[in-house]
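Trainee: Could you walk me through this one while we look at it together?
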Amino acid sequence: MTDPKPVVVIADPLAPAAIEVLSGDFDVREIDGTNVDSLHAALTDADAVIVRSATTINAAAMEAAPKLKVIARAGVGLDNVDLPTATERGVMVVNAPTSNIVSAAEQAVTLLLASARHIARADASLRAGRWDRKKFTGVEIQGKTLGVVGFGKIGQLVTTRMQAFDMDVVAYDPYAQPAIAAKLGVRLVDLDTLLSVSDFITIHLPKTPETVGIIGEDALDKVKPGVRIVNAARGGLIDEDALAAALQDGRVAAAGLDVFVKEPCTDSPLFTLDNVVAAPHLGASTREAQDNAGLAVAKSVKLALSGEFVPDAANVQAGGVVAEAVRPLLPLAERLGRTFNALAGSAVQSVTVEVRGEVIEHDVTVLQLAASKGLFVDVADSVTYVNAPLVAEQRGVEVGLLTAKESPEYQVELTLRGAMVDGRGLQVSGTISPGLHGGPRLTEIDGFELDIDLDGSLLFLRYTDRPGVVGLIGGALGDLGVNIAAMQVARKAAGGEAVMALALDAPVAADVLDGIKAAVGATGIKAVTLQD
């Protein structure tokens, strides 16, 4: 009998190509997520849910979904997803942050050109039977200055497109990389300078407490007379009342708007002005953007439900592209965390994840996250990449990261070095076996050198080195019907403390560990079962 396929609920219409990505490996169920009762019923056995903008996934929806692992938003914004609740529950939230950047940039360009040439009004006038050529005299954009407020990916796409029209571009963005601006031939300036020199202004900022109303009455008092302003980013970045006043008194010659403070917006003073061209939030409304968004989140869902790290997770602290050199180290970091926790024997106070080797040329912060997940996955409910930092914070455990390029013993080595609340210390280290199918290996416990696969069922003993211990442990496990697959013994001096690590064909029940400990005369015994 085969295991049932994971259930993926598609609550809003999704591109057929995206559904095809999922249909082979998952039980895909399409529903109308705007019907709350139907949504909650469908989520009862869902492993993942995919929405666009119509369906809301709030705390109540998540409460109805005890198996839920992933919420995917086929788009950029996450206003319809309760991100804090998802994070607390360990549910990964993914979106498609780059799926619509070209469409959004092209919409901004479209509005800019339309505002320069009165396209919307001229079209309406002609359709009404009038031929008013003189009434719709516009302005050229060649040689004019474009001010880009927000120089991220979309702002940069708009820049290159408008430079093809021979526009001079200045940009304001406190977080912009000067090297990128220089490469594109863009001058970075402060906001006041941008307002005073720009003939056209286009806004490409996220909506945050700091950016809401950034183009308000004060800013509009500083603009170059006759400026034309475009907003195809987020509603609320422009103070709409202040903009209407500036459009009426001529300080602003025209505006192109795709977004509004409250949406849907069908009634606004701005809509009564002839020098406004407006659209109902069409920035991402292209076939290509919708297909890209659906395909992106479908692939993310597939990764997440396969236990892989997902770069586009919105509530994973180490989100971002994971380098190919770093990816094989994720299971190593997590299994070292689980081994550390098993050996700790008491509450952990702090752990430092040390990464050594040339791999640190890449971003390795995700290894800190993977180790954190491993530390708590066996002692807390539903620990994932998402909520591992929150679990650490709630338990008062500090998890830090150190890196060093030097790795004397191995090409790459990870070490978890920590302190327990009772004052004891603990250190475990590991590496990746060389070769095509190399896997995580344990190389050290508290200075005792080992070499054993971090896989399956492991048993660790501490004891005083003496003859016959190997036979005793073999006999004790044989009496239980447990076969030893591999064994490593490490000591620092004859007759001193020794550490034994065993790989077993089957786990040893916790209630028999004390019996084995007594039979062998061990000072400590710990078991851990890792994923195959």
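Predicted model: local features only at pLDDT ≥ 70, side-chain atom pairs only at ≥ 80, totals over all residues.

Trainee: OK, which residues of helix 1 are buried?
Mentor: Ala18, Ile19 and Leu22 are the buried residues of helix 1, which spans residues 16-23; helices (H or I, at least four residues) and strands (E, at least two) are DSSP runs, numbered from the N terminus. They cover an arc of only 100° around the axis (taken from the directions from the helix axis to the C-beta atoms), which puts them on the same side of helix 1.

Trainee: And which residues are exposed on the other side of helix 1?
Mentor: Pro16 and Glu20 are exposed there.

Trainee: Switching topic, in what order do the strands of the sheet run?
Mentor: The order is 2-1-3-4-5, in an open sheet of 5 strands with parallel pairing, where two strands pair if DSSP finds at least two bridges between them. Strand 2 and strand 5 (92-94) stand at the edges with a single partner strand each, so one side of each is left without a neighbour in the sheet.

Trainee: How many bridges link strand 3 and strand 4?
Mentor: Strand 3 and strand 4 (residues 70-73) pair in the parallel sense over 4 bridges, and Val51 has Arg73 in strand 4 as its bridge partner.

Technical notes: Residues numbered from 1 in each chain as written. Heavy atoms only, no water. Buried < 20%, exposed > 50% of the residue type's maximum accessible area, 1.4 Å probe, protein only.
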